[in-house]
Amino acid sequence: MSSVVSATTSKTYGSASRPSRRDTFLSSADSLLLAAHDEVERGQFDLAMESAYRAALRVAGAVCAGSAAVKKRKRLPTSAWDKLALTGAQGQQWAARFRQFSRERGRVASGIEASPDPVVVLDLLAAAEEFYFWAHPSFAPLAA
């Protein structure tokens with residue numbers, strides 16, 4: 001008698017076999033940052049802006065996933081930046097920094113503005129990378 005094991009169900013022993021929400025968010029942010037760099041190199045600043053902004057959102061998700069202040073709140077705000085601000089003073093600073101890009105990102109994403117300023121896109125990408133390294137210091141680039 002043979003047995004069939006489903007590929008969609010598996011028995012896990014402990015949490016070591018499944019990445020945490022924080023790690024999942026950070027992995028996604030890493031992929032989005034790489035995509036943003038590729039898009040900048042191709043001159044696709046609209047796509048690079050979206051990828052960089054989404055990367056920052058994923059990092060915010062990672063920070064919030066690891067925050068006791070966010071977890072204990074019963075009624076959370078809907079804005080990722082408002083949630084990030086609940087994590088403390090540094091979260092408030094990061095939230096304020098990324099809110100500055102929110103309006104232009106929305107205009108580009110909706111097609112109202114087709115060509116964002118490359119300087120703004122590069123500033124957003126740099127901020128998203130800095131935020132990523134702040135939230136995940138083990139992946140910070142080595143100082144030269």
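Helices H2 and H6 pack at an angle of about 25°, with their axes 9 Å apart. Axes here are lines fitted to C-alpha atoms, for helices over the stretch in contact, and angles run from 0 to 180 degrees between N-to-C directions. H2 and H6 are therefore roughly parallel to each other. Angles under 35 degrees count as roughly parallel, over 145 as roughly antiparallel, 65 to 115 as roughly perpendicular, and the rest as oblique. The crossing of H2 and H6 is left-handed; that is, the near helix is turned anticlockwise from the far one by less than a right angle, whereas clockwise would be right-handed. On the H2 side, the contact (heavy atoms within 4.5 Å) is made by Phe45, Ala48, Met49, Ala52, Tyr53, Ala56, Val59, Ala60 and Val63. H6 contributes Pro118, Val120, Val121, Leu124, Leu125, Ala128, Phe131, Tyr132, Trp134 and Ala135. By class, this contact of H2 with H6 has 19 nonpolar, no polar and no charged residues. Ala, Val, Leu, Ile, Met, Phe, Trp, Tyr, Cys and Pro count as nonpolar, Asp, Glu, Lys and Arg as charged, and the others, Gly among them, as polar.

The model is predicted: local features need pLDDT of at least 70, side-chain atom pairs count only at pLDDT 80 or more, and totals for chains, interfaces and linings use all residues. Residues are numbered from 1 along each chain as its sequence is written, and side-chain values use heavy atoms, with hydrogens and water left out.

The protein has six helices and zero strands. Helices (H or I, at least four residues) and strands (E, at least two) are DSSP runs, numbered from the N terminus. Along the sequence the pattern reads α-α-α-α-α-α. Of the 144 residues, 30% are buried. Buried means under 20% relative accessible area, exposed over 50%, and partly exposed in between (1.4 Å probe, protein chains only). Among contacts between residues at least 6 apart in sequence, 59% join residues at least 24 apart.

The largest nonpolar core has 33 residues. Such a core is a set of buried Ala, Val, Leu, Ile, Met, Phe, Trp, Tyr and Cys residues joined through side-chain atoms within 4.5 Å. Val59, Trp81, Leu84, Phe98, Leu124 and Phe131 have the most contacts inside this core. At least two core residues come from each of H1 (21-41), H2 (45-65), H4 (80-85), H5 (89-109) and H6 (118-135). H2 supplies the largest share, eleven residues. Within H2, Val59 also takes part in the contact with H6. Leaving aside neighbours within four places in sequence, Val59 is in contact with Leu26, Ala29, Phe131, Tyr132 and Ala135.

H2 also meets H5. Their axes come within 10 Å and cross at roughly 135°. That makes H2 oblique to H5. The crossing is again left-handed. Asp46, Met49, Glu50, Tyr53, Arg54 and Ala56 of H2 face Phe98, Phe101, Ser102, Glu104, Arg105, Val108 and Ala109 of H5 in this contact. Its residues divide into seven nonpolar, one polar and five charged.

H1 and H6 form a further pair. They pack at an angle of about 150°, with axes 11 Å apart. H1 and H6 are therefore roughly antiparallel to each other. This crossing, too, is left-handed. From H1, the residues in contact are Arg22, Leu26, Ala29, Asp30, Leu33, Ala36, His37 and Val40. They meet Val121, Leu122, Leu125, Ala128, Glu129, Tyr132 and Ala135 in H6. The contact comprises eleven nonpolar, one polar and three charged residues.

Leu32 lies in helix H1 and, at 11% relative accessibility, counts as buried. Leu32 touches Ser51, Arg54, Ala55 and Arg58, not counting residues up to four places away in sequence. Arg58 is 26 residues from Leu32 along the chain, and their C-alpha atoms are separated by 9.0 Å. Asp23 is also placed in helix H1. At 40% relative accessibility, Asp23 counts as partly exposed. Asp23 and His136 are 113 residues apart in sequence, yet 9.4 Å apart in space, C-alpha to C-alpha. Gln93 lies in helix H5. At 57% relative accessibility, Gln93 counts as exposed. Gln93 and Trp81 are twelve residues apart in sequence and 10.0 Å apart in space, C-alpha to C-alpha.
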